Amino acid sequence: MDFEPAPEVAGAPAMVVLALDIGGTQIRAAAILPDGALLGRRAAPTPVAEGAEAIYRACTELLHGVADDLPAEVRARVAAIGISSMGPVDPWRGVVVDPPNVPSLRDAPLADEMEARLGVPAFLDRDTNVAALAESWLGAARGCRDFLYVTVSTGLGGAVVHHGRLMLGPDGTAGELGHVTLMMDGGPRCGCGGAGHLEGIAAGAGLAAQAQEEAARGGSAFLRARADLAPLTARDVAEGELAGDRTCRLLMERARRAFAVACVGWVDAFNPELIVVGGTLAERQGERWLGAARAAVESSAFRAPAARVKIVPAQFGDDVGLVGAWPLVAQRRGDPVWREKRPGRSHGASPGGRAARATPDAARAD
Ligand SMILES: [Zn+2]
């Protein structure tokens with residue numbers, strides 16, 4: 001049952017998937033055809049302050065809108081819903097666990113709600129895992145069975161694909177590559193609350209916070225001037241470096257170095273064929289960012305995996321969470337590990353049940 005790239009995937013060449021990508025500011029939806037084409041794309045703001053029911057309603061309206069616009073022949077082939085959600089999630093139960101930016105979705109049974117309201121099966125996973133499937137299906141990791149996906153924007157997320165399947169771990173949280181600790185004694189605060197994590201040092205929110213501190217301390221004329229206009233962002237730091245500001249250069253160099261050092265550890269730990277790097281911050285940095293990582297891996301990782309791995313930019317942009325819905329459904333539809341939980345399972349936390357479901361998956365992964 002290993003995942004192979006489409007169209008052979010799951011023997012479902014005609015399947016159409018309704019895709020839902022739910023983030024902290026926006027919900028996006030589209031229909032994904034077997035060749036990866038998107039139809040009926042639409043979006044709406046995430047009603048963060050209005051509670052879970054409002055979010056379910058917004059998702060339902062978007063999906064109904066997408067389905068209603070499809071030609072009848074295409075609509076008849078809609079087999080399931082694939083959902084990309086901010087993490088952490090319980091992918092077996094289709095539950096959003098504890099998203100820091102949308103507290104009303106804590107323990108929300110999003111997949112079940114969509115399934116009940118739309119009348120087709122729904123499958124859900126963390127946004128970075130769904131993105132990795134998109135890159136594996138039709139993007140930078142096409143045909144590649146062992147790779148890492150990393151996205152560097154406001155936060156730093158990751159996914160591990162091993163033997164063509166997502167590595168989930170017994171709690172579904174495996175692949176959180178941004179939360180490795182690089183500084184043991186303090187360091188910048190991370191989005192998760194920890195200190196000295198890669199994300200806090202190298203991703204957008206962490207860089208903005210570090211820049212704000214430097215501006216308050218009076219360390220950089222460039223940042224002080226920018227801070228008078230608007231709250232600082234990682235973009236200010238990157239532009240400050242290009243303008244020759246020393247503090248900005250040091251912050252960006254540390255961010256690139258942190259990412260590069262982390263890549264060395266990932267290469268030694270996972271022996272990936274590829275590290276696919278997406279996200280707006282890495283995309284804007286381009287070769288500056290990737291080149292630093294390649295140089296560090298070449299000089300410091302074990303020789304064999306360093307010679308094998310390629311560090312490449314992601315191919316999908318904003319659509320990645322929608323496109324990945326198709327291979328997500330293709331991998332899970334008809335697989336008892338994902339389906340047996342269906343009738344009558346509890347929505348509440350049930351560590352025993354999760355462990356019981358996780359075991360066959362782990363056994364099956366190889
Ligand atoms: Zn963290």
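Two residues are in contact if their C-beta atoms, placed from the backbone, lie within 7 Å. Helices (H or I, at least four residues) and strands (E, at least two) are DSSP runs, numbered from the N terminus. The structure is a predicted model, in which local features need pLDDT of at least 70 and side-chain atom pairs count only at pLDDT 80 or more, while totals for chains, interfaces and linings use all residues. Residues are numbered from 1 along each chain as its sequence is written.

**View 1. Helices α1 and α3 in contact.** In α1, the residues Y56, C59, T60 and L63 meet E113, M114, R117 and L118 of α3. Helix α1 spans residues 52–69 and helix α3 residues 110–118; they pack at an angle of about 45°, and their axes are 10 Å apart. That angle makes α1 oblique to α3. Axes here are lines fitted to C-alpha atoms, for helices over the stretch in contact, and angles run from 0 to 180 degrees between N-to-C directions. Angles under 35 degrees count as roughly parallel, over 145 as roughly antiparallel, 65 to 115 as roughly perpendicular and the rest as oblique. The residues of the contact of α1 with α3 comprise 5 nonpolar, 1 polar and 2 charged. In this classification, Ala, Val, Leu, Ile, Met, Phe, Trp, Tyr, Cys and Pro count as nonpolar, Asp, Glu, Lys and Arg as charged, and the others, Gly among them, as polar.

**View 2. Helices α6 and α8 in contact.** Helix α6 (residues 204–217) packs with helix α8 (residues 234–242) at an angle of about 70°, with their axes 7 Å apart. The two helices are therefore roughly perpendicular to each other. From α6, the residues G204, L207, A208 and A211 make the contact, and from α8, A234, D236 and V237. By class, the residues of this contact divide into 5 nonpolar, 1 polar and 1 charged.

**View 3. The open sheet of 5 strands.** The strand order is β10-β9-β8-β11-β12, and the pairing is mixed. Strands β10 (165–166) and β12 (310–313) stand at the edges, each with a single partner strand, so one side of each has no neighbour in the sheet. Two strands pair if DSSP finds at least two bridges between them. Strands of a sheet pair through backbone hydrogen bonds, either parallel or antiparallel. Strand β8 (residues 147–152) and strand β9 (residues 156–162) are paired in the antiparallel sense over 6 bridges. F147 has V161 in β9 as its bridge partner.

**View 4. Helices on the sheet.** Helix α9 (residues 246–270) lies across β8, β9, β11 (274–278) and β12, and runs at about 160° to β8. Helix α11 (residues 287–300) also packs on the sheet, where it touches β11 and β12. The direction of α11 makes about 175° with that of β12.

**View 5. The hairpin of β2 and β3.** Strand β2 (residues 26–32) pairs with strand β3 (residues 38–45) in the antiparallel sense over 6 bridges. The bridge partner of Q26 in β3 is P45. There are 5 residues between the strands, and G36 takes a positive phi near 90°.

**View 6. The mostly covered helix α14.** Of the 8 residues of α14 (residues 325–332), 8 are buried; among them are W326, L328 and R332. A residue is buried if 20 or more other C-beta atoms, placed from the backbone, lie within 10 Å of its own, exposed if 12 or fewer, and partly exposed in between. Just after α14, G334 takes a positive phi of about 80°.
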